[in-house]
Amino acid sequence: MTLMVDIRKLSFINEMAKVGTNGVADNMSKLTGENAQMEVTKTNFIDVDDIESQLDSGKRVGVRVRLLDPPHGHILILFPEASAKKITAIMLRDVVDDISDVSGKMARSAVEEMGNMMASGFIDGWADVLGRAIDIAAPQLVYAQTGEVVTRTANLGNDDLALFFDSDLTVPSYQIEAEIYAFPELAEFVEMVNNMETPTT
C-alpha cells in the first residue's frame, strides 16, 4: 500500500478532523449543558521523533483508545490536571455532595468515562465520513508529561510518520480544556482516503 495521498483527496483529511472534533463538542455540550467549542489547530504528517518538540510541557490526564477496525491506530484524549478535576466534579455531581470526598478510584473512573465519551464522538464522526463502523477497545487511563504520552502512543504504530490531528476543546463556563491526537495506521488510512469518492462539480 502506498503512503501517497491523492492531492484531490486532501480535503477529506481536513473534513475528518472537523467532523470528529464536532462530534466531541456535541457530546461535551450534552453533558455540561453549555456550548462547547472544539477547534482543529493543526493537521499534518509529522515525523514521530519530532512530535515532542511540537507540544506544550506539563502533565496531562486522559485516555488512550485503540481502534479495532480500519484505519486502526489510536486516539488520545488529554486533559490538563485542573480540567481533569473539573471533569470529575461534573461527572460525579449527581453522586456526591462534596467532591473532596471522592476517592482516587472514582476520580479516575470519571476521567475514563469522559475520555471514552469524547473518543466515541470523534470516532463516530470518522465512521460517518468513511461510511463504515469503527469499534474501539476499552479506554486506557494515562497520566504523564504531554510529550511522553503522545510520543509513546505514536510509537505504538509501525510508522515513522504520524498523521497529527492537534485539536483544542474549550467549555468556557467550566474552564475545561482538552486536546485530541489521532494516530491511525497510515497505510490503511491513506488507502481509505484515496478510495473515497471526490465530489463532482
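Q: Where is Thr 146 found?
A: Thr 146 is found in helix α4; helices (H or I, at least four residues) are DSSP runs, numbered from the N terminus. This is a predicted model, where local features need pLDDT of at least 70, side-chain atom pairs count only at pLDDT 80 or more, and totals for chains, interfaces and linings use all residues. Residues are numbered from 1 along each chain as its sequence is written, and side-chain values use heavy atoms, with hydrogens and water left out.

Q: Is Thr 146 buried or exposed?
A: Thr 146 counts as buried because its relative accessibility is 2%. Buried means under 20% relative accessible area, exposed over 50%, partly exposed in between (1.4 Å probe, protein chains only).

Q: How many residues of α4 are buried?
A: Seven of the nine in residues 146-154, among them Val 149 and Val 150.

Q: What is Thr 146 in contact with, leaving aside neighbours within four places in sequence?
A: Its partners include Leu 55, Asp 56, Glu 179 and Tyr 181; contact means heavy atoms within 4.5 Å.

Q: New topic. How many aromatic pairs are there?
A: Two. Rings of Phe, Tyr and Trp (its six-membered ring) pair if their centres lie within 6.5 Å; planes under 30 degrees apart count as stacked, over 60 as edge-to-face and the rest as tilted. Phe 122 and Trp 126 form a tilted pair, 5.4 Å centre to centre with 50 degrees between the planes.

Q: And which residue pairs with Phe 189?
A: Trp 126, also tilted, at 5.7 Å and 40 degrees. That pair links helix α3 to helix α5, 63 residues apart.

Key:
Helices (H or I, at least four residues) and strands (E, at least two) are DSSP runs, numbered from the N terminus.
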